[in-house]
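Thanks for coming, everyone. I'll keep this brief. Please have a look at the screen.

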Amino acid sequence: MTTDAISLRSVSRTYGRTYGNACGSASGRAPGWAFGRTRHRDSRRASPDDTTVTALHDVTLAFPRGTFTAVMGPSGSGKSTLLQCAAGLDRPTSGSVTLSGTELTTLSETRLTLLRRERIGFVFQAFNLLPSLTAEQNVALPLRLAGRRVPKARIREVLQQVGLAERARHRPTELSGGQQQRVALARALVTRPEVLFGDEPTGALDSQTGREVLALLRAAVDREGQTVVMVTHDPVAASCADRVVFLVDGRVTGDLAGAGPHDIATHMATLEAAPPARPTVLTSPRPTPHPTPGTGTRPEGRPC
């Protein structure tokens, strides 16, 4: 069995006003994040006729099973597009994306939807909880949508895992922002996904609450062997990961392993000032290894 949970090979993604609607809605209109123009926030490389842009350019990248990877880069570098292609939310224009050996780019929309529902978890900056449902009902929603039995013990287990066992019957309006994000995390974990994707999961939270959510993500990796891929702008959040991958103009430009917030912030400042011409592999001056899965301990001086 492959040791990579997700693998991208030579992935490119081009958007344009007349480009197809591979990731569009049933009505044929692509959602806002998928309909590329040169003014789009994910538009990097415009063609001379101003009709197409390349959001990802020949990206080859692997996310090993049971690891925590953060993806960073300047605004408009392709971070969210990378996450969407890796998670099967968007189809690359060319290249290959595999989830534990399953090729995503050749699946029909129906099979891709089923795969996302059963094998992939999502946590976004917006909590996306249904206000009329309680915390436990929101957590159970993915199972109900899949037509699967909802084991009450599993719902209690994931709510306990995120520290909300006592809030199971509260509705979102009765929960703080951090608690709502923890419900969203429990909902993502309830199906035991092979990969958990986070798009700025702490972006709407204060620093303390954000660290609590990051600690839960870190624990999911260390104790449960979960694979986590997180897009973030925050060096402190990125320092919770085993590895930080950097993108500039839709290309992977570097990789930091075991880095602290200062080293990550310094490298980000370098990228924003003058992106490197060639991809580089970087090593933190003082790499701090993450604990062995199952130990439940963290090195001193790290935020999560």
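**Two helices in contact**

Let's start with one contact. On the α3 side, the residues are A135, N138, V139 and P142. On the α5 side, they meet V183, A186 and R187. What kinds of residues make up this contact of α3 with α5? They divide into 5 nonpolar, 1 polar and 1 charged.

Keep in mind that this is a predicted model.

Now the geometry. Helix α3 covers residues 135-145, and helix α5 covers residues 177-189. The two pack at an angle of about 30 degrees. Their axes are 7 Å apart. And the crossing of α3 and α5 is right-handed.

Next, the strands. Find β10, at residues 243-248, and β11, at residues 251-257. How do they pair, parallel or antiparallel? Antiparallel, over 6 bridges. Together, β10 and β11 form a hairpin, with 2 residues between them. Look at D249 in that turn: its phi is positive, at about 50 degrees.

Let's step back to the whole chain. How many helices and strands does the protein chain have? There are 8 helices and 11 strands. The chain has 304 residues, and buried residues make up 52% of them.

Last, the contacts along the sequence. Take those between residues at least 6 apart in sequence. Of these, 70% join residues at least 24 apart.

That's my tour. Over to you.

Terms used
Residues are numbered from 1 along each chain as its sequence is written. This is a predicted model: local features need pLDDT of at least 70, side-chain atom pairs count only at pLDDT 80 or more; totals for chains, interfaces and linings use all residues. Side-chain values use heavy atoms; hydrogens and water are left out. Axes are lines fitted to C-alpha atoms, for helices over the stretch in contact, and angles run from 0 to 180 degrees between N-to-C directions. Helices (H or I, at least four residues) and strands (E, at least two) are DSSP runs, numbered from the N terminus. A crossing is left-handed if the near helix is turned anticlockwise from the far one by less than a right angle, and right-handed if clockwise. Contact means heavy atoms within 4.5 Å. Ala, Val, Leu, Ile, Met, Phe, Trp, Tyr, Cys and Pro count as nonpolar, Asp, Glu, Lys and Arg as charged, and the others, Gly among them, as polar. Buried means under 20% relative accessible area, exposed over 50%, partly exposed in between (1.4 Å probe, protein chains only). Two strands pair if DSSP finds at least two bridges between them.
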